[in-house]
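Work through the exercises below with the model open. Each task is followed by a solution in steps.

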Amino acid sequence: MTYVTPKGECLPYIEAILILSDIICQYIYINTTNHLQMEYSYFMQAYNFSRKRVKEAIDYLRDQGLIETEWRTIHTGNGRPINNVLFIRPNMPKIKEITYQ
């Protein structure tokens, strides 16, 4: 995963690499086939990234087909709705494909 700087340099996309590795680790650790409930704030705190950098990295991963994102409304124990909660699922076949290139 790389990006091109305004000067034309091709550099590793560190934000996307770290976020994808975190998503994969949690996905494997939880051993689920469902989407993981994740929030931008988690990645912001874990890696000290700005919200903009996290959003751009997640958008990049989604556009590359490496993750699927879904925004849902969830309900708390007392029935109170919470809107726009991000759920993410890694696309493991696509990830394996780029891993062994």
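This is a predicted model: local features need pLDDT of at least 70, side-chain atom pairs count only at pLDDT 80 or more; totals for chains, interfaces and linings use all residues.

**Exercise 1. Fold and dimensions**

State how many helices and strands the protein chain has, and in which order they occur.

Solution. Begin with the count: the protein chain has four helices and five strands. Next, read along the sequence, which gives the pattern β-β-α-β-α-α-β-β-α. For the dimensions, take the C-alpha trace, which spans about 50 × 30 × 20 Å along its principal axes. Last, consider the contacts with a separation of 6 or more: 47% of them join residues 24 or more positions apart.

**Exercise 2. Surface and charge**

Describe the surface of the protein chain and the placement of its charged side chains.

Solution. The protein chain exposes about 6900 Å². Carbon and sulfur atoms supply 51% of that area. Of the 101 residues, 30% are buried. Turning to charge, there are 11 positive and 10 negative side chains. The centres of these two sets lie 3 Å apart.

**Exercise 3. The largest nonpolar core**

Identify the elements that build the largest nonpolar core, and follow one of its residues to its neighbours.

Solution. The core holds 21 residues, and those with the most contacts inside it are Ile19, Ile23, Phe43, Ile58 and Ile88. At least two core residues come from each of helix H1 (14–30), helix H2 (40–47), helix H3 (51–63) and strand S5 (81–90). H1 gives the largest share, six residues. Now take Ile19: leaving aside residues up to four places away in sequence, Ile19 touches Phe43, Val54, Ala57, Ile58 and Leu61.

**Exercise 4. Asp59**

Decide whether Asp59 is buried or exposed, and find the partners of its side chain.

Solution. Locate Asp59 first: it sits in helix H3. Its relative accessibility is 17%, and the cut-off for buried is under 20%, so Asp59 counts as buried. The side chain of Asp59 makes a polar contact with the side chain of Lys55 at 2.6 Å. A polar contact with the side chain of Arg62 is found at 3.1 Å.

**Exercise 5. Thr99**

Classify the accessibility of Thr99 and find the backbone atom that its side chain approaches.

Solution. Thr99 belongs to helix H4 (residues 92–99). Its relative accessible area is 48%; exposed requires over 50%, so Thr99 is classed as partly exposed. The backbone atom is the oxygen of Ile95, which lies 2.5 Å from a polar atom of the Thr99 side chain.

Key:
Residues are numbered from 1 along each chain as its sequence is written. Side-chain values use heavy atoms; hydrogens and water are left out. Buried means under 20% relative accessible area, exposed over 50%, partly exposed in between (1.4 Å probe, protein chains only). Contact means heavy atoms within 4.5 Å. Accessible areas come from the Shrake-Rupley method with a 1.4 Å probe; for residues, only the protein chains shown count as cover. Lys and Arg count as positive and Asp and Glu as negative; His and the chain ends are not counted. The place of a charge is taken as NZ of Lys, CZ of Arg, CG of Asp or CD of Glu. A nonpolar core is a set of buried Ala, Val, Leu, Ile, Met, Phe, Trp, Tyr and Cys residues joined through side-chain atoms within 4.5 Å. A polar contact is a pair of N or O atoms within 3.5 Å; within protein, one must be able to donate a hydrogen and the other to accept it, and residues adjacent in sequence count only if both atoms are side-chain atoms.
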